[in-house]
Amino acid sequence: MIELRKSTERGHANHGWLDSFHSFSFADYYDPRHMGFASLRVINEDVVQPGQGFGTHGHRDMEIITYILEGALEHKDSMGNGSVIRPGDVQRMSAGKGVQHSEFNPSQSELVHLLQIWIEPNVIGIQPGYEEKHFDTASRRGRLRLIASSDGRGGSVTIHQDASVYAALIDGAERVTHQLAPQRKAYVHIARGEVSVNGNRLGAGDALKASGESGVVLERGEQAEVLLFDLN
């Protein structure tokens, strides 16, 4: 079964310093039809103004993945980690039994555009953890590059859930196929550009849910940047 989730159907909150679109129920946006998909709980598309950011706040028992589209984001946390991540960088924070962190746009002139992704873990109360990897453009060009997995295979960041997250850049005649094992689901989020997913033309912010399908086909892209979630 294929279900489409159009960009215009998402929740939206503009706080001035932050412009955010919510693929699933989040904060003041609540829709019982869109509470998540399998273990995928949050995809927030955030644009943060120069010199602004999220003050120190806490999380528990959640796998949080940050994927940068444009600009830079500065991260600090109670585990002692501090870094600035940019396009191609993938950050994973396992909140576990509790962590405090802040995220800030260090530029005084440029926006930062990012996706914040929450995946529910299959274990709770663990020690919080942090990991960061870089995936260059070439590794994502015309192919699905594994960026997060349960076992860290292929140099991906490690998450505490039976889920695999892939990123791809699809343009022109490039065509990518991802096979789904029986009983597994896929969620495809279009971060930028346009691409056909199993015959459905999707644009930036659109998504496709696949259940009971044998696979996912990405083709006829126009400068498309895509995230694909293979979920139990």
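**Close-up views of a predicted model**

**View 1. Surroundings of Y166.** Beyond its neighbours within four places in sequence, Y166 contacts L144, R145, L146, I147, R153, H178, V226, L227, L228 and D230 (contact: heavy atoms within 4.5 Å). Y166 belongs to strand β15 (residues 163-179) (strands are DSSP runs of E, at least two residues, numbered from the N terminus). With a relative accessible area of 13%, Y166 is buried (buried, under 20%; exposed, over 50%; partly exposed, in between; 1.4 Å probe, protein chains only). The model is predicted: local features need pLDDT of at least 70 and side-chain atom pairs count only at pLDDT 80 or more, while totals for chains, interfaces and linings use all residues. Residues are numbered from 1 along each chain as its sequence is written, and side-chain values use heavy atoms, with hydrogens and water left out.

**View 2. The aromatic pair F24 and Y187.** The structure holds five aromatic pairs (Phe, Tyr and six-membered Trp rings with centres within 6.5 Å; planes under 30 degrees apart are stacked, over 60 edge-to-face, the rest tilted). The ring centres of F24 and Y187 are 5.4 Å apart with planes at 50°, so this pair is tilted. F24 lies in the loop between β3 and β4 and Y187 in strand β16 (residues 185-197), so the pair ties together parts 163 residues apart in sequence. F24 is buried at 1% relative accessible area, and Y187 is buried at 0%.

**View 3. The aromatic pair F26 and W118.** The rings of F26 and W118 have centres 5.4 Å apart and planes at 75°, so the pair is edge-to-face. F26 is partly exposed at 22% relative accessibility, whereas W118 is buried at 15%.

Methods
Helix = DSSP H or I, 4+ residues; strand = E, 2+ residues; numbered from the N terminus.
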